[in-house]
Amino acid sequence: MLPNKLLLHIKPAPVIKMLSLTDTTFDNCIKCTVCTTRCPVAEARPDYPGPKQAGPDGERFRIKSPGLYDDALKYCTNCKRCEVACPSNVHIGTIIQKAKARHDGFKQGPREFMLSHTDLMGTLSSTTAPIVNVVTAMKPVKKLLDKTLGVDERRTLPKYTFQTFRKWFGKHAGNQERFDRKITYFHGCYTNYNVPAVGKDLVAVLNAINIGVRLTAKEKCCGVPLIANGFLKKARKNADLNMTQFAKSLDAGSEAVISSSSSCAMTLRDEYPDMLDVDNSAFKDQIQFVSRFLIKEFASGNKPEMKPLNLKVAYHSPCHLIRMGGVVHTVELMREIPGLELTLLDQNCCGLSGTYGFKKENYDTSQKIANKMLEQIKTTEADYIITDCESCKMQVEMNTDHKVLHPVTLIAMALV
Ligand code: SF4
Ligand code: SF4
């Protein structure tokens, strides 16, 4: 059953009153500065003060005097690499995002609305996908978007699919009821509107180990682009809807809620309580990234028959999966594929960070951050680059000749 807390209807109110915009973990900071050594933005832009100063140090000042808010906080990508490095469990990225919300530090123009409302943009774009894809690839259109909205013209815009994943699934949902065991799949916006193949591969892999897939009756964007652009009220509304849907699904017999996007999984599991004050403790452990769920099944003997895949692949680990502690699950999963030659790339941020690298003022920073990862990829002889994140995929495919696949797609390719 859904905990009462989740059923509470929050009356419309300014977001500042609705959410707690102070994260008190700043008190745990022991001033070791390890976080600053791990921040890709601090390395790329000397005008960014870095996580220690922007996070716990700055918070102490901002609480005393709001006038000490530093506008440079807008450069934080919320990649969470600082949080991974912190030995004191300071929620540095969350502190910075909450400070931005408290001090009106999010710019919220038409560009931010367009980039962050992925459900709306996906619905509009997928119905006319063949036209949208041609138009948004045209140089004059990109120039216009650059000049009018500030979406950098050098950035490749995402392609949309005419048949969404949900539409495809609707034709196959009946087949799923034949399985005794079932999970609920949170497909996310990118799988639904841009690359449904990942969702189809996930269904194939789960069916191969005798697990059926369900979708929730309704699904909204997890909220990661909304949080990144300060639309916290909308993100909270989406979170409430998604959590209500998950509760119904789990009540109806689903064993887990699985996401194939590392950023969606991190948001559903960690950002809902930390950033949006949504209590998901009743089923937090059941919200899982797909590779964690699969490797546990494989380890317990529920493994599909796989043929050798004689391919060389290089794996890029996304920041938000690192934050979740989930990289080991994806690596172990790929190691199950016979014949696969796997190289692990160094753990560098891709720099795109969702909507961040699309913005004109962030493009150069985004590309500078990406350089370490791109240089390494350019020297690999891999047939494919593998990553769990759509943002990393877009960045690699825009900057190299490599095709990027999801780890679940590799497993699907190996199925007999
Ligand atoms: S979240 Fe990322 S960009 Fe922001 S301070 Fe931490 S490491 Fe730097
Ligand atoms: S790593 Fe953690 S404890 Fe060390 S300075 Fe940064 S926030 Fe403080």
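Me: Let's start with phenylalanine 231: buried or exposed?
Reply: Burial goes by relative accessible area: under 20% is buried, over 50% is exposed and anything in between is partly exposed, using a 1.4 Å probe and protein chains only. Phenylalanine 231 has 16% relative accessibility, so this residue counts as buried. One caution: this is a predicted model, where local features need pLDDT of at least 70 and side-chain atom pairs count only at pLDDT 80 or more, while totals for chains, interfaces and linings use all residues. As for bookkeeping, residues are numbered from 1 along each chain as its sequence is written, chains are lettered from A and ligands numbered from 1 in the order written, and side-chain values use heavy atoms, leaving out hydrogens and water.

Me: How many aromatic pairs are there?
Reply: A pair of aromatic rings is described by how far apart the centres are and by the angle of the planes. The rings of Phe, Tyr and Trp (its six-membered ring) pair if their centres lie within 6.5 Å; planes under 30 degrees apart are stacked, over 60 edge-to-face, and the rest tilted. By that rule you get 5 aromatic pairs here. Phenylalanine 113 and phenylalanine 231 make an edge-to-face one, at 6.2 Å centre to centre with 85 degrees between the planes. The two are 118 residues apart: phenylalanine 113 sits in helix H8 (residues 110-116), and phenylalanine 231 in the loop between helix H15 (224-228) and helix H16 (232-251). Phenylalanine 113 is partly exposed because its relative accessible area is 37%.

Me: Why is the pair of phenylalanine 186 and phenylalanine 246 called edge-to-face?
Reply: Their ring centres are 5.9 Å apart and the planes stand at 90 degrees, so that label applies. This pair also links distant parts of the chain, 60 residues apart, with phenylalanine 186 in strand S1 (residues 181-186) and phenylalanine 246 in H16. Both phenylalanine 186 and phenylalanine 246 are buried. Elsewhere, ring pairs join Phe165, Trp168, Phe169 and Tyr185 into a cluster.

Me: Which charged end sits over the ring of phenylalanine 358?
Reply: For this, NZ of Lys or CZ of Arg must be within 6 Å of the ring centre and within 35 degrees of the ring normal. Over phenylalanine 358 it's arginine 155, 5.8 Å from the ring centre. Arginine 45 does likewise over the face of tyrosine 75, at 3.5 Å from the centre.

Me: What does S1 pair with, and in which sense?
Reply: Strands of a sheet pair through backbone hydrogen bonds, either parallel or antiparallel. Strands are DSSP runs of E (at least two residues), helices are runs of H or I (at least four), and both are numbered from the N terminus; two strands pair if DSSP finds at least two bridges between them. S1 pairs with strand S2 (residues 211-214) in the parallel sense over 4 bridges, with lysine 182 opposite glycine 212 in S2. S1 also runs parallel to strand S3 (residues 257-259), joined by 3 bridges, and threonine 184 has valine 257 as its bridge partner in S3. Most of S1 is covered, with 5 of its 6 residues buried.

Me: In what order do the 4 strands of the open sheet come?
Reply: The order is S6-S5-S7-S8, with parallel pairing. Strand S6 (341-344) and strand S8 (404-405) are the edges, each pairing on one side only. Strand S7 (residues 384-386) meets S8 over 2 bridges, and isoleucine 386 is partnered by leucine 405.

Me: Which residues surround ligand 1?
Reply: Being near a molecule means having a heavy atom within 4 Å of it. Around ligand 1 the residues include Cys39, Cys76, Cys79 and Cys82, along with Lys80 and Ile96. Ligand 2 has 13 residues around it, the closest being Cys29, Cys32, Thr33, Cys35 and Cys86. Cysteine 35 is buried because its relative accessibility is 8%, whereas cysteine 32, at 32%, counts as partly exposed.

Me: And how many disulfides does the structure hold?
Reply: A disulfide is a covalent bond between the sulfur atoms of two cysteines. With the cut-off at 2.5 Å between the sulfurs, the structure holds 0.
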